[in-house]
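Please look over the protein below.

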Amino acid sequence: MTKNTFLLFVACLLLSGCAFPSPYTQYDIGVDYEVLQSSTNGTQILPKMDAFNASQLIPPVVTEVAWNDSYILAKQLELQPDPLNPDAQTPNQQNARYWIIDLKYNKRFGPYTKKQFEAQKKEFRISSSLQLQKVEKLAQK
């Protein structure tokens with residue numbers, strides 16, 4: 001066995017025994033949507049592949065979500081350049097945007113400010129019991 005063949009064999013043996021963590025987590029919300037977390041700053045809401053429509057996507061970073069049979073509500077923070085790392089981005093905590101997806105008509109509304117979001121919820125007659133929750137709580141359900 002040559003040196004290169006031996007190294008390839010050892011590498012394959014080592015890699016086949018390693019369990020790598022999943023690069024993302026995914027949670028179903030409603031029938032046609034999911035929360036997809038592909039990285040720390042990559043959490044977004046998007047239609048499932050069989051119902052995919054890019055115009056319905058809520059971009060990263062989604063930090064809070066709520067849903068029922070009629071609506072999906074989401075809070076999103078825009079990404080900004082990370083002052084400590086020029087090759088990275090970080091959520092802008094000062095610039096929250098809010099979104100509503102009407103599931104009956106499969107239509108996305110937003111981005112809204114907090115005040116606009118609350119007014120739109122009233123206009124759509126969305127129950128006040130539908131409250132945004134941190135995305136991390138999805139993992140606990």
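**Labels and their cut-offs**

Q: What do the buried residues of H2 pack against?
A: They pack against strand E5 (71–82), strand E6 (85–102) and strand E7 (107–112). This is a predicted model, in which local features need pLDDT of at least 70, side-chain atom pairs count only at pLDDT 80 or more, and totals for chains, interfaces and linings use all residues. Residues are numbered from 1 along each chain as its sequence is written, and side-chain values use heavy atoms, with hydrogens and water left out.

Q: What makes a stretch a helix or a strand?
A: Helices (H or I, at least four residues) and strands (E, at least two) are DSSP runs, numbered from the N terminus. Residues 114–123 form helix H2.

Q: Which residues of H2 are buried?
A: Phe117, Gln120 and Lys121 are buried. On the other side of H2, Lys115, Lys122 and Glu123 are exposed.

Q: Why are the buried residues of H2 said to line one face of the helix?
A: Seen down the axis of H2, they fall within an arc of 105°, so they line one face. The arc is that of the directions from the helix axis to the C-beta atoms.

Q: Why is Leu57 called partly exposed?
A: Its relative accessible area is 22%. Buried means under 20%, exposed over 50%, and partly exposed in between (1.4 Å probe, protein chains only). Leu57 is therefore partly exposed.

Q: Which residues does Leu57 touch, not counting those up to four places away in sequence?
A: Leu57 touches Gln44, Ile45, Leu46, Pro47 and Arg108. Contact means heavy atoms within 4.5 Å.
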